[in-house]
Amino acid sequence: MKTYDLIIIGGGSGGLTAASGAAQFGASVALVEKKNNLGGDCLHAGCVPSKAFITVGKEIHQARKAAEQHNLQLTGDISLAQVNRRVHDAIDDIQEMDDVSRFEEMGVDVYLKEAVFTGPHTVQLGDGEEIEGKRIVIATGSKAVIPPIDNIEVLPYFTNETIFDAEELPGHIVCVGGGPVGVELAQVLARLGAKVTIVDNAPRLFPNEEEEIGRRVQRALLEELNFVPNARVEAIEEDKASGLAYAVLSNGEKIKADALLIAAGRRPNTGSLQLGKAGIDPAKDGSIPVKPTLQTKAPHIYAVGDVTGEYAFTHAAGLEGQIVVTNAVFGLRRKVSYSTLPWVFYTEPELFRLGLTEQQAREKHGDSINVYKVNGGDVDRFIAERDKTPLVKIITDKRGKILGAHAAGKNASDWMHEVVAAKAWKKPLRSFSSIVYPYPSRGEILKKAADIYWREKLFDSSVTKLLKKYVQTFR
């Protein structure tokens, strides 16, 4: 039996980060992935293909919008098969960076096989071979949940794992679920030409995000698709006489549907690992509870990424993978912190989130907070682009320390990232006032938020009053 310093089960973002880091520090590493390639959900069914998909949707939407505004005509039909060929080209390009040979060159032994625990330190591979690890990292990701819908077999249905292989665009699509996967893919499908309706149990889209920001993005989305709140899809009803099918909702409504897009959440991929043999008890939803050090109930076994049930983001898994390297390889007890972890809904406009919402900040700090808002209509670049959507909302404590930052707007993930650095480096909001922005730039919206801070501080300042008196008297 071959023994390793570290066995990593799962070849996604968290697993690859841990594998490359540990190998570069001299640890003997085994990387086990049940699929026939590395990269995980992010590369093959998540971040990469969805963003390539979104880009096509934006291009088509902008072309139509420009044609309408400038009295031009567009002709031709959109081919979903051609769109998805472009998506797979993007996957193939990035796959080269996650190729097995690259990790083997680092000294990692890569096994493209199923893995199950046979003991606290041992893992059996799909061909029966058994390997041993002093320490083990579980990074097996998650999969789409298919909710119980009566007669679902009547209609074709897609998940984020299958939509990028589709060749024909359905005319009417009902999206089951309004989370990140649902809203992003639904908007693109609408832009490609389908009539799309999102159905979700929540009273609004983005129910856990800053309400004012979420509502602004929702208004923009509802110009392109439909949304039914406080409802769920319970069944598919087929009218054999007409050949039509309908999604039957819990509120009694029926919606014509040619296909479903299932985006009703995800479940950790832990069911086949036989975790009990490793001394680990998964939660009811299949997730693996971890300590802040990312250790499981078995101290020598760590878990990162979607399997922990925490933040299902690729960049969160990457952060956790870095923490695991130092803890598992060097025996440190570093704790993961998500206080500076941003996330984005890559709709158009985008929704950016960092830290606490205003409600959360008030619950934690009472009235000892300040809220600063700037609309795109106050920023020359957005005015020039005729874009009225952008809105930034920053919450600070009384000293200007950033507690939360939220934004709605085109490419908000780009022009809001400075605030992530400011929060990570513990810089107050007022520090943005000293930054010189090239004119006109979108990022200037942050400077304007800082300027509001200074205006409020200086307006009631005794120093300001003395200076005014000095000017009036002596100048």
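**Helix packing, a pocket and backbone exceptions**

Helix 1 (residues 13–24) and helix 8 (residues 314–330) have axes that come within 7 Å and cross at roughly 35°. The model is predicted: local features need pLDDT of at least 70, side-chain atom pairs count only at pLDDT 80 or more, and totals for chains, interfaces and linings use all residues. Residues are numbered from 1 along each chain as its sequence is written, and side-chain values use heavy atoms, with hydrogens and water left out. Axes are lines fitted to C-alpha atoms, for helices over the stretch in contact, and angles run from 0 to 180 degrees between N-to-C directions. Helices (H or I, at least four residues) and strands (E, at least two) are DSSP runs, numbered from the N terminus.

The crossing of helix 1 and helix 8 is right-handed (the near helix is turned clockwise from the far one by less than a right angle; anticlockwise is left-handed). Helix 1 contributes Ser13, Gly14, Thr17, Ala18, Gly21 and Ala22. Helix 8 meets them with Thr314, Ala317, Gly318, Gly321, Gln322, Val325 and Val329 (contact: heavy atoms within 4.5 Å). This contact of helix 1 with helix 8 holds 5 nonpolar, 8 polar and no charged residues (nonpolar: Ala, Val, Leu, Ile, Met, Phe, Trp, Tyr, Cys and Pro; charged: Asp, Glu, Lys and Arg; polar: the others, Gly among them).

Helix 3 (residues 47–69) packs against helix 4 (residues 80–95), with axes that come within 9 Å and cross at roughly 135°. This angle makes helix 3 oblique to helix 4 (under 35 degrees counts as roughly parallel, over 145 as roughly antiparallel, 65 to 115 as roughly perpendicular and the rest as oblique). The contact involves Val48, Pro49, Ala52, Phe53, Thr55, Val56 and Glu59 of helix 3. From helix 4 come Leu80, Val83, Asn84, Arg86, Val87, Ala90, Ile91 and Ile94. By class, 11 residues of this contact of helix 3 with helix 4 are nonpolar, 2 polar and 2 charged. The crossing of helix 3 and helix 4 is right-handed.

Helix 3 also packs with helix 6 (residues 180–192), at an angle of about 40° and with the axes 9 Å apart. Helix 3 is therefore oblique to helix 6. The crossing of helix 3 and helix 6 is left-handed. The contact of helix 3 with helix 6 has 8 nonpolar, 3 polar and 5 charged residues.

A pocket, on a 1 Å grid over the protein atoms alone, is an open set of points where a 1.4 Å probe fits, with protein on both sides within 12 Å along at least five of seven lines; lining residues have an atom within 4 Å of a point. Of the 20 lining residues, His61, Lys65, Arg386, Asp387 and Thr389 are the closest to the centre. Helix 3 and helix 7 (211–221) are the elements that give two or more residues to the lining. Helix 3 gives the most, with 5 residues. The lining of this pocket divides into 3 nonpolar, 5 polar and 12 charged residues.

Most residues other than glycine have a negative phi, and most peptide bonds are trans. Glu348 and Pro349 are joined by a cis peptide bond, with omega about 5°. Pro349 lies in the loop between strand 18 (342–345) and strand 19 (350–355). Another cis peptide bond joins Tyr439 and Pro440, with omega about -5°. Pro440 sits in the loop between helix 12 (417–424) and helix 13 (444–459). Asn230 is not a glycine, yet has a positive phi of about 55°.
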